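Visitor: I've got a model to look at with you. Can you walk me through some helix packing and a few single residues?
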Amino acid sequence: MGNIIEVFFTSGIATVAVAGLWLLAIAFSSTVTSWLIVLFFLLNQGIMQYMEFPGLISRGMPEALVLALVIKAILPRLATGKSVRLLGAVPVFGFIVCVGLSALTAGVAGVEALMFVRHSMVFYLLFLAALNMDMTARNFRVIGGFLCLMALMQLPIGLGKFLTFGFLEGGFIGTLPMNAGSLSTIMPLFVITFLVAGYCWLGKPYLLALVPLFLLFGILGEKRAVAFFFPIVLMGVFLTWLYDYSGRKRLLYRAGARRMASLVAILAMFSIAGLYLAITSLYSLNREQEIGGSFDLIYAIQEMYDYSTGINLPGEQYTDRYNTGTEALTTGRISTTLFTFGDLYSGGAETFSFGRGPGLLIESSFTSGTLYEQYLTIGIRAGTTGFVWMVQQVGFSGVLFYLLLHYVIARELWKIYKRAPTRPSKAMGLALVCALVVFALDYFAYSGSWITTGTVQPVWYFLAGRHISVYT
C-alpha cells in the first residue's frame, strides 16, 4: 500500500490536485474548521509517515495549509480596511537579510536559501494568522479542547509502544513525527509547563496529577535528558509565578501562600522521583548498565557529562561508522557547541557573522548527501543542537535576529501577563512565557526539535498569537 501511495502522490498532477483541494477547504471553511485542519495535520505527521506518505505530503501539506490560513486571515482585514498586525516583523526581516547575505558570501544557490527560510520561519506565519484572525471564545474552546485531546492521546500511544518494544528511543513518538526521538523530551516538557502553570493559578489537582504521566512518557521513550531538564522547567514556572507578587496578591487568597508551600513539596517530590526512575530504569545511567540498576546520582551526572563532551578520535569505532579521517569528530552537545564557536571564529569575521551558507545542513532532494554526511564534512558526528544547526548556516548575526524574534513576542506576552485580569488568562500567559524555557533548553543544549519537526513550535506560535490578539 505504501508504494501505491508514494507513486500516486509523487506525481506532479496528483500533488497539485490534492494541495488545491485542501486550500479550497481552508478558504471556504469556518474559522474553527480551518484551524482544526491545520493543527490535525501538524500533530499527526507520525501517522502519515507510518503509512509511508512521502515527505511532500507529511511535511509539505501542513505547510501549504499554513500559507492558506495566513491568506484567509489577512485578506478579509485588507478588504475591510483593517490594519494587519505584524508583531516580530522587524527581526524576521533582519533574519531574512542575514540569510541572503549568508547565501551571497558562501555562494549558495537561491533554492537552498529558500529551503532554509522555510524550515526556520514557516510557522511564524501561523503566529501571524492567529494574530490577525478573529476567533470567538467558543471557537477557541473547541480548538483548545482539540489540543488537549491530542496531548492526552500521546500517553496511551506511548504506553502501547513501551508494552510492545520496551524502552525505545525514536521509532514513533505518539502521533508526532517518527525518527525524531528528541521530541520524547521536548513534547512532554512543553505540556508539563502548561500543566504546572495552570495549577499555579487555577489550583486544580488533576493538572498536577498529569505531570508525572508526561514525565513517564519521556522516560519510556528512553530519553535521559527529560529527567534532568524536568526540575529546571518546574523551577522556571514556579519562580516566574512567585515573581508576580502583585498579581498573586490581587487574584489569589493571601497571594496563594498555601498553594505555594504545597507546590514546593510536590515539585521537589516529582523531581526526585523522576531522577530516580530514569537512573534506575535506563541502563546508560547506572553502574550495572541494566534496567533496574542502582541509584547513583553522581555516576549519572558524570555519564551525562562524558556523553556531552565526547569526541570521536581518528580510527575510533562507534556503532554507526568508523572515523576513518585524520580529524577528530565531536560527538557531544558541549563538545559540538565549543567546536562550532572555534570553527566559525577560525573562518574569519565573514564566516563568524554569516556562517557557511543556508541549506548546508538541510537534507532534501535539492541537496547532496544525508544530513549525517553533511555534518561529517564540518567535523561533527553527533551532539547537534538547534543553535549549532542554525549558526553553522547563517552565523551569529542570523541567530541574533532569530532570538530577537522570540524576545519581542515574549516581551509582549509578559506585558499582557502582568495586567491580565483573570486567573485563566494569567495561567495561559505564564505557560506561554515559561514555554520559552523549554525552547531555550532545546535550542542551546539539546536538539533542533523545536525548529525542525513542526510540532511543538507551531502550537506555541498559535497560542501566543491568539493570546496577544485577545488581550491587546
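Guide: Terms first. Axes are lines fitted to C-alpha atoms, for helices over the stretch in contact, and angles run from 0 to 180 degrees between N-to-C directions. Helices (H or I, at least four residues) and strands (E, at least two) are DSSP runs, numbered from the N terminus. This is a predicted model: local features need pLDDT of at least 70, side-chain atom pairs count only at pLDDT 80 or more, and totals for chains, interfaces and linings use all residues. Residues are numbered from 1 along each chain as its sequence is written, and side-chain values use heavy atoms, with hydrogens and water left out.

Visitor: OK. At what angle do the axes of helix 20 and helix 23 cross?
Guide: Roughly 45°, and the axes come within 10 Å. Helix 20 is residues 386-419, and helix 23 is residues 456-471. That makes helix 20 oblique to helix 23. Cut-offs: under 35 degrees is roughly parallel, over 145 roughly antiparallel, 65 to 115 roughly perpendicular, and the rest oblique.

Visitor: Which residues make the contact?
Guide: Contact means heavy atoms within 4.5 Å. Helix 20 brings residues including Tyr402, Leu405, His406 and Ile409. From helix 23 come, among them, Trp460, Tyr461, Ala464 and His467.

Visitor: And how many are nonpolar, polar and charged?
Guide: The contact of helix 20 with helix 23 has ten nonpolar, three polar and two charged residues. Ala, Val, Leu, Ile, Met, Phe, Trp, Tyr, Cys and Pro count as nonpolar; Asp, Glu, Lys and Arg as charged; the others, Gly among them, as polar.

Visitor: Next pair. How far apart are the axes of helix 12 and helix 13?
Guide: They are 8 Å apart, at an angle of about 145°. Helix 12 covers residues 205-220, and helix 13 covers residues 225-243. Val211, Leu215, Gly218 and Ile219 of helix 12 meet Val226, Ala227 and Phe230 of helix 13. By class, that contact has six nonpolar, one polar and no charged residues.

Visitor: Val226 again. What does Thr185 touch?
Guide: Lys223, Ala225, Val226, Phe229 and Tyr446, not counting residues up to four places away in sequence. Thr185 sits in helix 11 (residues 183-202).

Visitor: Is Thr185 buried or exposed?
Guide: Thr185 is buried, at 0% relative accessible area. Buried means under 20%, exposed over 50%, partly exposed in between (1.4 Å probe, protein chains only).

Visitor: What about Ser102? Where does Ser102 lie?
Guide: In helix 7 (residues 89-106). Ser102 is buried, with 0% relative accessibility. Leaving aside neighbours within four places in sequence, Ser102 contacts Phe354, Gly357, Pro358, Gln393 and Val394.

Visitor: Cysteines now. How many disulfides?
Guide: Zero, counting a disulfide as a pair of cysteine sulfur atoms within 2.5 Å. Cys148 is in none; the nearest cysteine sulfur, that of Cys200, is 17 Å away. Cys434 is in none either, and the nearest cysteine sulfur, again that of Cys200, is 8.3 Å away.

Visitor: Which of those are buried or partly exposed?
Guide: Cys148 is partly exposed, at 48% relative accessibility. Cys434 is buried, at 2%.

Visitor: Last one, backbone. What is phi of Ala255?
Guide: Near 60°, a positive value in a residue other than glycine. Ala255 is in the loop between helix 14 (245-251) and helix 15 (257-281). Ala255 is buried, at 8% relative accessibility. Gln289 has positive phi too, near 55°. Gln289 lies in the loop between helix 15 and helix 16 (297-308), and is partly exposed, at 40%.
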